[in-house]
Amino acid sequence: MYQFIYDLTGNMIISTLVVAVFPLVNVLLVALIGVYLERKVSAWMQDRVGPNRTGPYGLFQTVADFVKMMQKEDAVSNEVDKKLYNIAPVLVFAGSFAAYAAIPFSSKLIGSEAEVGIFYVIAISSLVVAGILMAGWSSNNKYSLLGAMRSAAQIVSYEIPTALVVLSMVMLTGTLSLSKMSEMQTAYFWNWNIFGGAAFALNKFLLIPFMLVGFIIVFISTLAEVNRTPFDIPEAESELVAGYFTEYCGMKWAMFMLSEYGNMFAVSAIVSILFFGGYQSPIGYLGNTIGATWLIPYEQAFWFVAKGWFFILVQMWLRWTLPRLRVDQLMAVCWKYLIPYAFLNLIIIGIISLL
Amino acid sequence: MSLKTETMVLNMGPQHPSTHGVLRLELEIEGELVLSVKPHLGYLHRCFEKHSEAMQYNQVVPYTDRLDYLASIGNNLGYAIAAEKLLGIQVPERVEYIRVIMAELQRIASHMVALGSNGADIGALTPFLYLFRDREHILSIIEETCGARMLYNYIWIGGLSHDIHPDFVRKTKEFVNYFKPTIVELDNLLSYNKIFIERTANIGVLPVDTAINFGASGPTLRGSGIKFDLRRDDPYSIYDRFDFDIPVGKGLQGTVGDCWDRYYVRVREMEQSLRIIEQAIDHIPEGDVKAAIPKRIKPPKGTAYARVENPRGDLGYFIISDGNTNPFRVKVRAPSFVNLEILGELCKGHLVADIIAILGSIDIVLGEVDR
């Protein structure tokens, strides 16, 4: 991305700054729109109106909330372990924020074109668990502790099926780089990995059912990793009040919220890169048709963001439809169903890709 | 070498999102496993029984509203019947019909809250709001007639506070027609939802003998498979004229008497209430609803006990009169209070998340538990 911005502006300082600030702006934007959408979508689903007082269609509701959050007193209980308590939200936010560095928004818009992109994303988002455990332990609150323990168990368990599916995709595409993975699924939707990839051969048709299984597994487990219903037991409001962030308020609380929405987009992005062509357009590029190739990166960014939001909407749809699983059932889903199937899928995809 | 482990005591409530008010549960937990549950009551105690001794008979009625505030009309009805027994008066036919219709509307409204919040506790927030949307229809019907949406003070000793609104019959019929398909929607959305069944079936199983020994009543008792409903077994008002079934738990998704059964009994009871309303709504006779209201209530010496089938169970009023204008003693047998005592038995050996499901399925109202 640095080169792209440098070509655009011709200034080193500006381009460095843009590259550095770009992911942060992204997370904030995602959270801003995400919170608003969550409210509106839930309202529409539940036969309500939703926010409609702050600005047109309540568009500034999240902004107003944000301002309120900033003004709040930073109330800290005397009983908390101050150091851990203060680091925890930063760590959680950093985990979800850092993942954005390696996500390719288009062939040009990417924070860092790391060769081990997907590996980096999986690794860095594990940081969130440490933050959550810290928050739960340092709060000195039994609900927080229970929430943190649940969360740690859940996220660690569900990383395994995710990693297995990612592994099978890495095997198929032969690269760990997210941008290369997207690049391979050239424009037009039948070239996407969910439809067996770009290479036209017998393999392509053999792969489709297993790709579907892989997609379902990875979607369910990412849902669990970002603590969304039906897997939101770490913060199950009716049981644990607010789970691991019960004791937090003001901006520190907002950090957890930001990271939740940041994570939602990050995992949606990963799913779309793995299976749905990443930034590739499903219907070809306008830039190619009218001969303006400079347009393509922007089109790609549009398609990428659109795909990300599509999966976020699916997550919201599920959240407002399904009840919540219990902690043992959640573990059963992961260890008894997802992991064996993911293993089987890995082996079969391996065999097919060798054919 | 064995590790020394300690159990943790977790105070759930009195400020907690799903203790349905100000109930405090003292949980002894080992990790997520619950070893014992002790309910602590009294945070909402308002001295209803003592207070009513200082008031005249008709002044007690508004206070009965505040017992089970989700089913105020049922509370009014029980008290009015007890007082009428003391006085020995017969209320007009029209009053009886309106009372039954109102009580059944109230039962549906109350079950809606019970089912919705049971679902919401388990994480399904959408059915909760759907049910509240439908409950709004009932509230506006009752509001049109008596002016209040929650604490109605509608059924008076010997009559009613107001005659029904001219639109009442039409709107009630509209509601009945509207709500029938909505129950199917609720079934599809929540009752037969796989996750909901996983969370409630085989959880908090209440065996028949335990239910009887603890004196459980209402849907909590019927969920265990006992066909006991005061409307049929000890008919009051004019319930003996209507034809309705008593749904009981059959263990369709798990064991008889589990949370899902208690939930499901309520869903089916709403249908039966609709049936009663349908039978009654066209036969409301003409007449005056205030004719039998005595000007000065001064019952003879004696006692009276009346019990009605409230949405939460067997609600009983015991009134002792010493011949004065004030009752000498009013004792309430509150169904929620009795049902809540089973909680400790039901929760043993379950997980923390199950406590919420069980509590929701017992469906308590703290206003009535603490009185």
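Is Arg371(B) buried or exposed, and how many other C-beta atoms lie within 10 Å? Arg371(B) is buried, with 23 of them. Here buried means 20 or more other C-beta atoms within 10 Å of a residue's own, exposed means 12 or fewer, and partly exposed lies in between, with C-beta atoms placed from the backbone.

This is a predicted model, in which local features need pLDDT of at least 70 and side-chain atom pairs count only at pLDDT 80 or more, while totals for chains, interfaces and linings use all residues. Residues are numbered from 1 along each chain as its sequence is written, and chains are lettered from A and ligands numbered from 1 in the order in which they are written.

Arg371(B) sits in the segment after α15 (366-370) of chain B. Helices (H or I, at least four residues) and strands (E, at least two) are DSSP runs, numbered from the N terminus. Leaving out residues up to four places away in sequence, Arg371(B) touches His45(B), Arg46(B), Phe48(B), Glu49(B), Leu67(B), Val332(B) and Ala334(B). Contact means C-beta atoms, placed from the backbone, within 7 Å. Arg66(B) is 305 residues from Arg371(B) in sequence, yet their C-alpha atoms are 8.1 Å apart.

Most residues other than glycine have a negative phi. Cys47(B) has a positive one, near 55°. Cys47(B) lies in the loop between β3 (33-40) and α1 (48-53) of chain B. Cys47(B) counts as exposed because it has 12 C-beta neighbours inside 10 Å. Ser237(B) also has a positive phi, about 50°. Its loop runs between α10 (230-233) and α11 (259-281) of chain B. Ser237(B) is partly exposed, with 18 other C-beta atoms within 10 Å.

**Chain A: helix α13**

Helix α13 (residues 296-319) of chain A has 24 residues. From first C-alpha to last it reaches 35 Å, close to the 34 Å expected at 1.5 Å a residue. The expected span is 1.5 Å times one less than the number of residues. Buried residues of α13(A) include Trp303(A), Phe304(A), Phe311(A), Ile312(A) and Met316(A). Their cover includes α2 (12-45), α9 (202-225) and α11 (250-275) of chain A.

| Pair | Angle | Axes apart |
|---|---|---|
| α2(A) and α13(A) | about 45° | 10 Å |
| α7(A) and α14(A) | about 10° | 8 Å |

Axes are lines fitted to C-alpha atoms, for helices over the stretch in contact, and angles run from 0 to 180 degrees between N-to-C directions. Angles under 35 degrees count as roughly parallel, over 145 as roughly antiparallel, 65 to 115 as roughly perpendicular and the rest as oblique.

At about 45°, α2(A) is therefore oblique to α13(A). Gly34(A), Leu37(A), Glu38(A) and Val41(A) in α2(A) meet Ile312(A), Leu313(A) and Met316(A) in α13(A). By class, this contact has 5 nonpolar, 1 polar and 1 charged residues. Ala, Val, Leu, Ile, Met, Phe, Trp, Tyr, Cys and Pro count as nonpolar, Asp, Glu, Lys and Arg as charged, and the others, Gly among them, as polar.

Helix α7 (residues 142-173) of chain A meets helix α14 (residues 327-354) of chain A at about 10°. That makes α7(A) roughly parallel to α14(A). Their contact has 20 nonpolar, 6 polar and 1 charged residues.

**Between the chains**

How many residues of chain A are in contact with chain B? There are 23, and they contact 26 residues of chain B. On the chain A side, α7, α10 (237-240) and α14 each give two or more residues. That side divides into 10 nonpolar, 5 polar and 8 charged residues.

Terms used:
Contact = placed C-beta atoms within 7 Å.
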